[in-house]
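The sequence and the structure come first.

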Amino acid sequence: MAAKPPAADPVQDAPRVGEPKHSAVGLPAIGQALRTAQAQMGVRRTALTLLRVNQHGGFDCPGCAWPEPDKPHTAEFCENGAKAVAEEATLRRVTPEFFAARPVAELASRSGYWLGQQGRLTHPMYLAEGAEHYEPVSWERAFALVAEELRALDSPDEAVFYTSGRTSNEAAFLYQLFAREFGTNNLPDCSNMCHESSGFALTETLGIGKGSVLLDDLYRSDLIIVAGQNPGTNHPRMLSALEKAKEAGARIITVNPLPEAGLERFRNPQTPRGLAGGGTALTDLFLQIRLGGDQALFRMLNALLLRRHADGDAAALDTAFIREHTHGFDDFAKVADEADWDETLRATGLERDEIERALEMVLAARSVVVCWAMGLTQHKHSVPTIREVVNFLLLRGNVGRPGAGVCPVRGHSNVQGDRTMGIVERPAPELLAAIEREFGFTPPTAHGLDVVDSIRALRDGRVKVFFAMGGNFVAASPDTEVTEDAMRRARLTVHVSTKLNRSHCVTGARALILPTLGRTERDTQASGDQFVTVEDSMGIVHASRGRLRPAGERLLSEPAIVCRLARAVLGERSATPWEEFEADYRLIRERISRVVPGFEDFEARVARPGGFALPHAPRDERRFPTATGKANFTAAPAEFPAAPEGRLLLQTLRSHDQYNTTIYGLDDRYRGIAQGRRVVLVHPEDAAALGLADGDHADLTSEWTDGSERTAPGFRVVHYPTARGCAAAYYPETNVLVPLDSTADVSNTPTSKSLVVRLTPAVPRPDAT
């Protein structure tokens, strides 16, 4: 059975709407996964490919970064993982003939969904200045064009080198090495838009900007708090871990503005109970919090713990841990004790008894894990929020012991590994010193540009070349019109990609698309078949080996692209053995082992089934490599967003048929929405107050303190059980509502989870895409 041809570009603002689901996965998920995979890959290819996902000796799922258990299930993938694999392993192809028949202006008029459905890119393509069509170009000419533009810059800092989280450790290490040998730290990546707030907060308070738990800690935990996260859509395999934790006796508190089906009840497709029975109820207490109220919630819990201890409950705090391992407790306690019930209830939208029930669950638990994702990291006060989460865990010694700790759940499958390899615009002096010792050149020390600052620099003409290793930068970034205008000001835009996306249609004066191998494909170089490595959300490094025949004869691997680019740009001035690195990835890992701490004896350790865990001092030794040498309590007043009368707080979010900006389909099965994405989810009482019936259409306009406004038109109103005063809509369609300058304090992450919006009645757009 061959792959089905892609569908036409559908209207997306007139969906079918039914009741939200109250359980996730089960037989419907299996059926949808297989239908999607077979439509893209055919029956035989589907079976051969899916059975290799997340297996020892197989390839790492190109979707999320959730870790694999020590003994993976035969089908160690989820519905969205199957969709991600199908998108990459599709039999559909985007050839030079495709581009010859479609000018860039026509492609730009298409939806991201339609672009992604066309198939795999097969040839390097070049858009000359003033041209209307991409044309095929040789690899040699493509690298020469990039070298020409880079060498013509007045400064290396006039170039930006962006990275997506799907890049392997080997490619990421080479990429940052090339950028620094070229002379810049302009290395923005997708972390800037997601967990940057987590990294800043955790580095300051614990000394390492990563999570401190392993899978076994979830299984040994007494209480797991899942805040600002929807595992059922974004990290479905996490539901299996939560189910196992429940079976071992854990209780779960869910903190979220939206009820999420997967956290209500999980129907595990790998068990008879999940397939034929009712599955497992996961959440013991659902706190339906207002957007941005999480800091106020954890601050009140902290105040209540302090008050319990002051009232004579000695077990409320772990005073020995606080005394021996922490700094700043007195200042923190003084500010925390000022937490006010009226302010807390206004910020959170919760009832007092709900918070007190959560407190009793905390006091009954010896070991607590807090998991979070974008619901905590994309607010103006995200860094203080995550600091408050750390305060909460430190009070009862819940860092550095089994079953306890911080668990920021990452998205892309190697976004954490990219950072570990040096993809960071603010490099540590130790990293730069190690690079200089190993490679004999002096890297630049000035801080580079993150995502938001890169867009500003492109807008202002301070950056002239934009190079992206994967991703869909235009669609992923905030302030869509400003971002697109900024990209068009570049002299050259380059995208290393497997699939067509919006960023290929919004170009500089000249543009290149460089097609690359995917995770599923065999990577053969001069020394033979290669493998690459990735780091998951819990700091486990393991190998990934593709097996499929490449989608085209002209595809290059990401490491090969970086090596050839470096040779073309740096020429004889570079003593780095780029040609040898391309030929044998073992040589890359050998250098990584000498530059990046924790990777000693890399080749032998990654050969073990399941790979190896990177060291984590707070977890492994209760040692905290902070400025004080201890875990730091922090003191801060509560912050939270507020919407004026007649306005709502809006969060952008994914549908179930979506992974970041990749749209697999137009359904959001668990939320009861089918065949449409231009929807806004509004509580029925809020909608009534605004005069909007279910099925009406509205324009969404964000309002900002500087008086500016941005509008996303033509959204179908869906009455939905959200938190009162809050609404939700899908991105990237609503990225236009987020101003470039609205970012989190400290981390500079776009504030996509707390937009003040008004809804204005509108008529549906029959041509909406």
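At what angle do helix α1 and helix α3 pack, and how far apart are their axes? In this predicted model, local features need pLDDT of at least 70 and side-chain atom pairs count only at pLDDT 80 or more, while totals for chains, interfaces and linings use all residues. Residues are numbered from 1 along each chain as its sequence is written, and side-chain values use heavy atoms, with hydrogens and water left out.

Helix α1 (residues 26-41) packs against helix α3 (residues 79-88) at an angle of about 0°, and the axes are 9 Å apart. Axes are lines fitted to C-alpha atoms, for helices over the stretch in contact, and angles run from 0 to 180 degrees between N-to-C directions. Helices (H or I, at least four residues) are DSSP runs, numbered from the N terminus. The two helices, α1 and α3, are therefore roughly parallel (angles under 35 degrees). Contact (heavy atoms within 4.5 Å) involves residues including Ala29, Ala33 and Met41 of α1 and Ala82, Val85 and Glu87 of α3.

Aromatic rings of Phe, Tyr and Trp (its six-membered ring) pair if their centres lie within 6.5 Å; planes under 30 degrees apart count as stacked, over 60 as edge-to-face and the rest as tilted. The count by this rule is 22 aromatic pairs. Phe298 and Phe392 form an edge-to-face pair, with 5.4 Å centre to centre and 65° between the planes. This pair links distant parts of the chain, with Phe298 in helix α15 (residues 294-310) and Phe392 in helix α21 (residues 382-395), 94 residues apart. Both Phe298 and Phe392 are buried (under 20% relative accessible area, 1.4 Å probe, protein chains only).

Phe392 has a relative accessible area of 2%. Leaving aside neighbours within four places in sequence, its contacts include Ile225, Leu301, Asn302 and Val368. Val368 is 24 residues from Phe392 in sequence and 9.8 Å away in space, C-alpha to C-alpha.

A further aromatic cluster is formed by Phe161, Tyr175, Phe178, Phe182 and Phe467.

A charge sits over a ring if NZ of Lys or CZ of Arg is within 6 Å of the ring centre and within 35 degrees of the ring normal.

| Arginine | Ring | Distance to ring centre |
|---|---|---|
| Arg545 | Phe531 | 4.5 Å |
| Arg605 | Phe612 | 4.0 Å |

Key. Buried means under 20% relative accessible area, exposed over 50%, partly exposed in between (1.4 Å probe, protein chains only). Angles under 35 degrees count as roughly parallel, over 145 as roughly antiparallel, 65 to 115 as roughly perpendicular and the rest as oblique.
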